[in-house]
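Subject: Structure handover

Hi,

My notes on what turned up follow below it.

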Amino acid sequence: MIDFRQVSKLYGTQDVLDAVSFRVHPGERVGIVGPNGAGKSTIFSLLTGEISPEKGEITVPGGLRIGYLHQQLHAHDPGATLLDYSEHAIPEVRHMQHEIEDLEAQLTHLDEEARQKALNRLGHLQTEFEHLGGYELKHRAEAALTGLGFSPTAMHAAFRSFSGGWKMRAELARTLIARPDILLLDEPTNYLDVPA
């Protein structure tokens, strides 16, 4: 359950949110609607912890993965191919993959005791990697990108070569691939058409 209790947020001297309260129960789908400047993006930034309120209390259950598609693109690695960019949606998985590769490369150079310790660590990492979906990320990325209208040949083009709208679609694919427990879409109609 997400709980906002008497939350206030100021920008300079402007009250963007003034004693706002609401609750979202598990499984609910909620739309936050209002004119520009009403505080919709501010609510999302408060939920993700990017900013803090001046007053009030926000409760978001711990351990939940939040996917947040901002109004403005915040590209993580614009030099990557579209597929690589989208595939690396879960930072922990990427770090685990590097550690697994490093451990595998070291195994032949270790004495028996260090080798056993490295094998135990490797087993733990591989289990966690599988649990987080590391072995299927590429397939999920291809499926999400195709579903959002990208052609198979576009997968290997540089992310930076796409227009702003197509970059936002790629960002949405990246967000969905991470399988968030909570999905925040800030003005999705700005960059998604009905088929997408």
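Predicted model: local features only at pLDDT ≥ 70, side-chain atom pairs only at ≥ 80, totals over all residues.

Start with Y135, in the loop between α4 (112-131) and α5. Is Y135 buried or exposed? With a relative accessible area of 56%, Y135 is exposed, because the cut-off for that class is over 50%. Neighbours within four places in sequence aside, Y135 is in contact with Q126, F129 and E130. Y135 and T146 are eleven residues apart along the chain, and 19 Å separates their C-alpha atoms.

Helix α5

Helix α5 covers residues 137-147. Its buried residues are L137, R140, A141, A144 and L145. Why do they share a side of α5? They sit on the same side because they cover an arc of only 125° around the axis. The cover over these buried residues includes α2 (82-87), α3 and α6. Turn to the face pointing away from the buried side of α5, and you find the exposed residues H139 and G147. Just after α5 comes G149, with a positive phi of about 105°.

Positive phi elsewhere

Most residues other than glycine have a negative phi. Two residues to check against that:

- A19 is not a glycine, yet has a positive phi of about 55°. A19 is in strand β2. Its relative accessibility is 34%, so A19 counts as partly exposed.
- R179, also a residue other than glycine, has a positive phi near 50°. R179 lies in the loop between α6 and β5.

K40

K40 belongs to helix α1. Is K40 buried or exposed? K40 counts as buried, because its relative accessibility is 13% and the limit is under 20%. Where does its side chain go? The K40 side chain reaches the backbone oxygen of G34, at 2.7 Å. Setting aside neighbours within four places in sequence, K40 is in contact with I32, V33, G34, P35 and E187.

How much space lies in the largest pocket? About 740 Å³. The largest pocket is lined by 28 residues, and E28, V30, I182, L183 and L184 are the closest to its centre. Three elements each supply at least two residues of this lining: β2 (14-24), α1 (40-48) and β5 (182-185). Which element gives the largest share? That is β5, with four residues. By class, the lining of the largest pocket has 18 nonpolar, four polar and six charged residues.

The second largest pocket has a volume of about 410 Å³. Its lining holds 21 residues. Nearest its centre are I66, G67, Y68, H76 and A89. β4 (66-69), α3 (91-106) and α6 (164-177) each supply at least two residues of that lining. The lining of the second largest pocket divides into nine nonpolar, seven polar and five charged residues.

Some elements turn up in two places. Helix α1 holds K40, and α1 supplies at least two residues to the lining of the largest pocket. Strand β2 holds A19, and β2 likewise supplies at least two residues to the lining of the largest pocket.

Best wishes

Terms used. Residues numbered from 1 in each chain as written. Heavy atoms only, no water. 1 Å grid on protein atoms, 1.4 Å probe; cavity = no way out; pocket = protein on both sides within 12 Å on 5 of 7 lines; lining within 4 Å. Points joined across faces, edges and corners; volume = space filled by probe spheres on them. Nonpolar A, V, L, I, M, F, W, Y, C, P; charged D, E, K, R; others polar. Buried < 20%, exposed > 50% of the residue type's maximum accessible area, 1.4 Å probe, protein only. Arc of directions from axis to C-beta. Contact = heavy atoms within 4.5 Å. Polar contact = N/O pair within 3.5 Å; in protein donor to acceptor, adjacent residues only side chain to side chain.
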